[in-house]
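Please keep the sequence and the coordinates at hand while reading.

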Amino acid sequence: MGVLAHRRGRARGYSLGALLACATGAIGPASAGAQLSGSAEAGASVVHYDGFLASTAASFAPEFRFDSRRTALRAFGSLLEYQSGRRTVQGSLSGDVFLPALGPVLPQLDAETGTSSYDTVARFTHALARLRLHVAGVERGGWLGVSAGEHAFAGVRRPVSELSLGGWMRTPLGTAALSLTSARAGDTSFTDAEAGARWVRGRQELMVSGGTRFGGRGGGSGVFTEASALRWLSPRLAVVLAGGRYPSDPVRGSIAGRYLALSLRVTSSARDVVAALRPRGADERSASLRDPVEPAGHDGNGGPAPGLAVDARGDGVYVLRVFTDSASRVEIMADFTGWEPVALAPDGVGMWVREFRLDPSTYRFNVRYDGGPWTVPAGVASVTDDFGGHAGLLVVR
């Protein structure tokens with residue numbers, strides 16, 4: 001199994017990578033309309049699989065995503081060409097459906113199918129269905145998940161099952177996550193306990209993870225660690241350095257190994273990189289979200305809606321400021337508050353403020369003052385919500 005295929009496939013199949021994605025805004029219904037995006041990663045690797053000699057390989061890995069209001073579809077492939085002339089090929093297709101929230105719980109249905117082959121020597125296929133229950137707030141959250149399916153090797157099909165749970169927390173330094181996953185694939189069983197962290201600072205991203213495998217049969221045991229560093233060279237081009245040791249993946253047909261990989265990543269859209277609200281120094285703090293995308297809104301009673309500005313303080317902290325000349329109480333409700341009303345604090349005449357820690361994403365929100373109707377601030381783009389109303393869009397990049 002190739003390095004890039006394993007690194008991305010494992011994050012998809014197990015808990016820790018998804019938990020870190022959850023904490024950075026990737027879990028949950030899309031905030032805006034349907035979006036199609038793609039990326040490709042090409043580079044070189046040094047791979048040392050357990051029981052084999054070390055080898056170098058050239059790699060290419062394209063990925064495509066389609067995200068809509070409550071669904072997501074992803075297609076991923078990878079090709080590794082080893083110095084021996086042999087090659088590893090992998091492809092996978094996965095989809096998510098987010099069901100209506102049950103109080104604080106957000107259910108997610110997930111399906112995945114894929115195949116991998118090492119020349120004509122070995123070929124694996126798998127198909128999985130999952131149910132995940134997310135509970136997430138602004139600063140912390142977690143999940144419980146169960147999956148079932150089957151995988152096949154040499155024409156023999158075996159059942160697959162998995163139970164996972166974990167939690168994540170935002171800190172001033174970054175996002176941290178813990179997970180515990182117990183899996184069974186045919187006669188093979190194992191349990192992985194993992195911890196990881198992710199930092200994003202301007203154009204740099206760093207992710208580290210580590211864990212241990214224990215209590216299993218046929219799945220191996222021991223400690224594994226991985227790290228990756230990414231640097232955006234331009235809005236659509238990044239360089240990625242990654243390495244470490246990973247465990248076997250009986251479901252997708254990979255064996256344990258160590259690797260070091262250097263690659264270039266090209267994305268189809270700059271929205272994942274370019275900062276609409278980029279942190280600035282103390283002498284250049286303002287990053288106002290006042291683009292005249294739409295005419296000034298109204299509060300539902302014929303009066304003007306409050307205006308909005310955003311100050312980027314750095315380290316992912318943003319100050320939201322709402323302006324109104326007549327309110328005695330102002331509240332905001334958004335994706336990043338779990339759609340719970342949060343009161344803003346008065347800051348001088350006609351200004352109400354509150355700090356939030358926000359990762360790059362597109363958020364929906366509404367404001368209200370003096371207990372009135374929820375509305376979109378003046379000068380802010382809006383989308384129609386599930387109930388025929390409107391929500392403002394806040395883009396943090």
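## Charged pairs

E205 and R198 meet through their side chains in a salt bridge, with 3.3 Å from N to O, where a salt bridge is a side-chain nitrogen of Lys or Arg within 4 Å of a carboxyl oxygen of Asp or Glu. Within this pair E205 counts as partly exposed because its relative accessibility is 22%, and R198 counts as buried because its relative accessibility is 18%; buried means under 20% relative accessible area, exposed over 50%, and partly exposed in between, with a 1.4 Å probe and protein chains only.

The model is predicted, so that local features need pLDDT of at least 70 and side-chain atom pairs count only at pLDDT 80 or more, while totals for chains, interfaces and linings use all residues. Residues are numbered from 1 along each chain as its sequence is written, and side-chain values use heavy atoms, with hydrogens and water left out.

By the salt-bridge rule the count comes to twelve. Side chains of opposite charge can pair when their charged atoms come close. Three of these pairs are set out here.

| D110 | R132 | 3.3 Å |

D110, E112, R130 and R132 are linked in a network of salt bridges.

## Strands and sheets

The protein contains two helices and 23 strands. Four of the strands form an open sheet in the order β15-β16-β20-β19, with antiparallel pairing, two strands being paired if DSSP finds at least two bridges between them. At the edges stand β15 (307-314) and β19 (345-346), each with a single partner strand, so one side of each is left without a neighbour in the sheet. Strand β16 (residues 317-323) and strand β20 (residues 351-357) pair in the antiparallel sense over seven bridges, and V319 stands opposite E355 in β20.

M351 is also found in strand β20. Its C-alpha atom is separated by 6.5 Å from that of T324, a residue 27 places away along the chain. Not counting residues up to four places away in sequence, M351 touches R321, V322, F323, A345 and P346, contact meaning heavy atoms within 4.5 Å.

Elsewhere, β21 and β23 run antiparallel and are joined by five bridges, with V396 in β23 as the bridge partner of S361. Strand β23 is mostly covered, since six of its seven residues are buried.

## Nonpolar cores

Which residues have the most contacts inside the largest nonpolar core? They are L320, I332, F336, L358, F365 and L394, in a core of 24 residues; a nonpolar core is a set of buried Ala, Val, Leu, Ile, Met, Phe, Trp, Tyr and Cys residues joined through side-chain atoms within 4.5 Å. Two or more residues each come from β15, β16, β17 (330-334), β20, β21 (361-369) and β23 (390-396), and the largest share, four residues, comes from β21. Leaving aside neighbours within four places in sequence, I332 is in contact with residues including L320, F356, F365 and W374. Another core, of nine residues, lies apart from it, with V47, Y246, Y259 and A261 among them.

## Surface and overall figures

Buried residues make up 47% of the 397 residues. The protein exposes about 18,300 Å², of which carbon and sulfur atoms supply 61%; accessible areas come from the Shrake-Rupley method with a 1.4 Å probe, and for residues only the protein chains shown count as cover. Among contacts between residues at least 6 apart in sequence, 53% join residues at least 24 apart.

L165, which lies in strand β8, is partly exposed, with a relative accessible area of 43%.
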